[in-house]
Amino acid sequence: MDFANIFLGALNEIISPTTAAYALAALGLAVHFGYTGLLNFGQAGFMAVGAYGFAVPILSFNAPLPVAVLIALGASAVFAVILGIPTLRLRADYLAIVTIAAAEIIRYIVTTNSMTAVTGSANGLSAFTGDFYALNPIPPGSYNLGPFAMNERDVWVRIVAWALVIVACLLVWMLIRSPWGRVVKGIREDENAVRALGKNVYAYKMQALILGGLLGSIAGIVFTLPRDAVQPANYGTELTFYLYTALLLGGMSTVLGPVIGAMLFWVLLSLTQGLLYGAIEAGYITFIDTSQAGQVRYILVGVTLMLLMIFRPQGILGNKKELAFA
Amino acid sequence: MSSQANEPQRGERSGGAHAAEPADGPAANEYMTDSRPITEGAVEPGCRKRDPILVARNVTRTYGGINAVDVAHVEIPRHKITALIGPNGAGKTTLFNLLTGFDTPQSGDWQFEGRDLAGVSAYKVARLGMVRTFQLTKVMGKLTVIENMRLGASSQPGESLWRAFFPPLWRGREREITRQADALLAKFKLDAKRSDYAASLSGGQRKLLEMARALMVNPKLVMLDEPMAGVNPALTQSLLDHIKNLKAEGMTVLFVEHDMHMVRHIADWVIVMAEGKVVAEGPPDVVMKDQAVIDAYLGAHHDVDLGDSEGFEKLEAELEHDPESSVGTEPDGVVGRRIDERKGQA
């Protein structure tokens, strides 16, 4: 087994654009669930809306990059409002049910065959990031970032993705420390008490839902960039639960928690995959093959999450004191 | 906190409903000494007040055929402490919910300072200056005490999503809010708990925090739903003082309470509800002597001490002459045995 390579591969995940996408989407969930108490089980839907909202305009009517991004953001805001109007006046569990269903509806709509011309059906869409990579100011060549060699496209997409993560974290951090953040945290604790103090709880919940949804759709765009493709199968319900895993790993009521959680999630996945594959190829493990090993790592992620919930329920960055009264 | 908190003697306070302790220091101001009559005309259920802050008419709320609230007319006098009493299930909390927009009545209209509030949402009601607390105390456990207080403040521009990004727009107001909050915390003796999570407070401290937080809104009418429930006698006294201080500061107080002694102690006016209706109202001394109220609220023979044989005999003697009592009509237990015996001898 080549341990050095396995560890390097895992470390490489820390700055991968996919990790950045997970971090952004999990940050959106932190705004929803960690701060406002909105149980959104449809973050994958917001990511899909972002990804398709970005890809479809470019491929269908040659929209310029900024227009495509605006359409993606607008579409996810509309999606949030549609979800929020019927559910935000109700208890939290209703939002959970509606969002999980809505995310599936989005996925089924883009998979329908009658939409093939627009959404590419089950095959999805590809070759729509030309404009994005055309903006790349980095000259072609091979770049070494520590032990990692990458081309100019890899560097560019990482810079953009992580710049977005940093900006998003800063904005969320500012918001949460503001009186606005105090109100949404109050809503998380007891919305009727907040209402009794003269705050328009419904409007705050809607704002939070839209805000977290926007972060989700930006994540959806970032997710498509390194692949130059969007496929409906990527936006299943399990994506939402991976995001929740990342969120809970890092600490749900923190700004950097989702980022750390996303990094850890991908490092763990990569590490377990590397170690399992290595062990199977070296003949240490004989009762499973490599394709089964791919599934085993998700079992390990689940076990990790269980252990975390038992021994450090507040997550890695979370404040233990906050949870002592849960 | 004085030992007086323990069960003030019945009839300890005589005189009018408006009498305030003159030795109350700063509290002895015009609101405390105002002795003009509260009502206009006769004192009866649903009577007109000289200066009502809240007027409700024909407010009804039914839950599956049961009339939870069916109030024909009720007025809350301004600058007074009004107690809303009644047995469990009388509809007191439901009436609170209806008036504050947390529930919607089947019919009725009500005005707060002349402004129609039917159909107005709860947060707007609070902004108008009518702030309530809850029977089951609601504090934001994972916010600190001071953050709980700040949350109560109104007109903080930083609570708007856009302005939240620009601290210079809201820092000034935040400092004012914090000053106001600190002053209130000191008054309610919670200043030592300032940076603790509200969840770490005791039940009584939470009651205090909830009341203090409601005051951050600068309300005109404070509606307290069972402020004394589950609070120890020493803290009860301090809560009573706080409620009296609210009046001294020019606020109107409406509170739900079960303990008649507490009500007698601080209320200027008492409204009695039973089965959703206002069955009696008046100054506490008068209302508490009202036989209908005593019967409906406390049961007909509430003042008999069953701890000694003398009281027991007294109860039996009373029951014997109570036409509504079933005791003694058939031998069914310890109570009434002597009545049966006497009947047997006769």
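Reader: What makes the largest nonpolar core a nonpolar core, and which residues have the most contacts inside it?

Author: In this predicted model, the largest nonpolar core has 174 residues. The term applies because such a core is a set of buried residues of kinds such as Ala, Val and Leu, joined through C-beta atoms within 7 Å. A:Leu24, A:Ala26 and A:Val222 have the most contacts inside this core. From chain B, the core draws at least three residues from each of domain 1 (1-139 + 220-300) and domain 2 (142-200).

Reader: With which residues is A:Leu24 in contact, leaving aside its neighbours within four places in sequence?

Author: Contact requires C-beta atoms within 7 Å. On that basis, the partners of A:Leu24 beyond those neighbours are A:Leu164, A:Val165, A:Ala168, A:Leu215, A:Ile218, A:Ala219 and A:Val222.

Reader: Why do β2 and β5 of chain B stand at the edges?

Author: The open sheet has four strands in the order β2-β1-β4-β5 (chain B), with antiparallel pairing. Strands β2 (66-77) and β5 (115-116) of chain B each have a single partner strand, so one side of each is left without a neighbour in the sheet.

Reader: Which helix lies across β1, β2 and β4 of chain B?

Author: Helix α2 (residues 92-99) of chain B lies across these strands, and runs at about 65 degrees to β2(B).

Conventions
Residues numbered from 1 in each chain as written. Chains lettered and ligands numbered in written order. Predicted model: local features only at pLDDT ≥ 70, side-chain atom pairs only at ≥ 80, totals over all residues. Buried ≥ 20, exposed ≤ 12 C-beta atoms within 10 Å, placed from the backbone. Domains from an automatic or database assignment. Contact = placed C-beta atoms within 7 Å. Pairing = 2+ DSSP bridges. Helix = DSSP H or I, 4+ residues; strand = E, 2+ residues; numbered from the N terminus. Axes fitted to C-alpha atoms, helices over the stretch in contact; angles between N-to-C directions.
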